[in-house]
Amino acid sequence: MRNRQWASIPELEAQPPQRNQSHSRALFQCAHLILPLLHPSDLAAASSTCKTLHHVAASITADRTSDASGGLEKLPIPFVNAVDDQPYAFFVYAPTQILGSDPRQNRPVSDPFPAWGCECERCDGDIGCPCEGLDSFEVTRECGASCRCGVQCGNRVTQGGVSVRLKIVKDERKGWGLRAGERIQHGQFVCEYAGELLTTNEARRRQQIYDQLTSGGRFCSALLVVREHLPSGKACMRINIDATRIGNVSRFINHSCDGGNLSTVLVRNSGALLPRLCFFASRDIKEDEEITFSYGEIRLKSKGLQCFCGSSSCSGVLPSENT
Ligand SMILES: C[S@@+](CC[C@H](N)C(=O)[O-])C[C@H]1O[C@@H](n2cnc3c(N)ncnc32)[C@H](O)[C@@H]1O
């Protein structure tokens, strides 16, 4: 679709009034169905063709700018940009992780069917719910799809999506970043790192493409590799989450060399094969403060991207490693 030329529609204006009106109505209805699917550059191209499309495109831009989640979270997450004229960043919003596909294998990463769940009616910690606690990889367990308890269960802290006010604010040097829209208390759940779950082969393939695009400038990838070691050190679990094209608000969290103000916790829903990466406030976070975490310690690329975290422990280079 990108770079396609949009035909101008002057003939609509030349129609007799009645036909003109019904054509305009049909165009308006089609535009409302199709334009929301367009990339910003195609939306701008469509907008310049006639008044109707201009009007619809303007309302789509306003909607996208006022809520990055498109209504998929409980609270709107607005974009705020006082740096340049880009009103929002374009991606597909997914509130929780999804199974990405490997185009060469043409199959999902893993079997998503939940196997079992608890029989508790309430899992409030004092009745010994089998879903509570840590598993052998020290992954926190929550109730899952096959548990008898409902969505209000206290052991589903991270399953209701974002429940704190957040905003996405543009910075001249770091690009978009996530900020607190209200005071967030130490220990509060902030958001999950949602994106496409990839096989390691597919993650490596995409990382190569992203590295090339990044070196050309104006491209930010959001492919995160999480490695969790068994306490014995004998085994390592690896999870690849790519939020570059499909993801949630976490894809805007920038790096801070001092560890930032988030702690990461792996959470597994009972019956699910793979855990989810969740962010909790590691200290009280003030309203308007930037929300950050550490992307890691390893800096394999000495000429990596420059870090602008501004912390006293800043190493000057963003973490990077071979995926
Ligand atoms: C996951 S994205 C974060 C959101 C990103 N800023 C954006 O505009 O979409 C990661 C990218 O953000 C930028 N970034 C993150 N932390 C940074 C930092 N401390 N200094 C400079 N750039 C940073 C880098 O371009 C990095 O590749």
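Me: What share of the residues of the chain counts as buried, and what makes a residue buried?
Reply: In this predicted model, 28% of the 323 residues of the chain count as buried. The criterion is 20 or more other C-beta atoms within 10 Å of the residue's own.

Me: Why is A145 called partly exposed?
Reply: A145 has 14 other C-beta atoms within 10 Å. A residue is exposed at 12 or fewer and buried at 20 or more, so a count in between makes it partly exposed. A145 belongs to the loop between β6 (140-142) and β7 (166-171).

Me: How many helices and strands does the chain have, and what share of the contacts with a separation of 6 or more joins residues 24 or more positions apart?
Reply: There are 5 helices and 16 strands. Residues 24 or more positions apart account for 65% of those contacts.

Me: What makes the buried residues of helix α3 line one face?
Reply: The buried residues of α3 (residues 40-47) are L43, A46 and S47. Viewed down the axis of α3, they fall within an arc of 100 degrees, and therefore they line one face of the helix. Among the elements covering these buried residues is α4 (51-66).

Me: How do you know that the span of α4 is close to the expected one?
Reply: Helix α4 has 16 residues, and at 1.5 Å a residue a span of 22 Å is expected. From its first C-alpha to its last, α4 reaches 23 Å, which is close to that value.

Me: Which residues of α4 are buried, and which are exposed?
Reply: L53, V56, A57 and I60 are buried in α4. These four cover an arc of only 100 degrees around the axis, which puts them on the same side of α4. K51, A58, S59 and A62, on the other side of α4, are exposed.

Me: Why does one side of β1 and of β13 lack a neighbour in the sheet?
Reply: The open sheet of 5 strands runs in the order β1-β7-β8-β16-β13, and its pairing is mixed. β1 (79-80) and β13 (254-255) stand at the edges with a single partner strand each, so one side of each is left without a neighbour in the sheet.

Me: What makes β16 a paired strand with β8 and with β13?
Reply: Two strands pair if there are at least two bridges between them. β8 (residues 175-180) and β16 (residues 290-293) have 2 bridges, in the antiparallel sense. R179 stands opposite E290 in β16, and L178 stands opposite I291. β13 and β16 likewise have 2 bridges, here in the parallel sense. N254 has T292 of β16 as its bridge partner. Both pairs of strands therefore meet the criterion of at least two bridges.

Me: Which strand supplies the largest share of the shell around the ligand, and which residues come nearest?
Reply: β8 supplies the largest share, 3 residues. Both β8 and β13 supply at least two residues each. Of the 16 residues around the ligand, G175, W176, C220, N254 and H255 come nearest.

Me: What is the composition of the shell around the ligand by class?
Reply: The shell has 10 nonpolar, 4 polar and 2 charged residues.

Terms used: Residues are numbered from 1 along each chain as its sequence is written. This is a predicted model: local features need pLDDT of at least 70, side-chain atom pairs count only at pLDDT 80 or more; totals for chains, interfaces and linings use all residues. The arc is that of the directions from the helix axis to the C-beta atoms. Two residues are in contact if their C-beta atoms, placed from the backbone, lie within 7 Å. A residue is near a molecule or strand if its C-beta atom, placed from the backbone, lies within 6 Å of it. Ala, Val, Leu, Ile, Met, Phe, Trp, Tyr, Cys and Pro count as nonpolar, Asp, Glu, Lys and Arg as charged, and the others, Gly among them, as polar. The expected span of a helix is 1.5 Å times one less than its number of residues.
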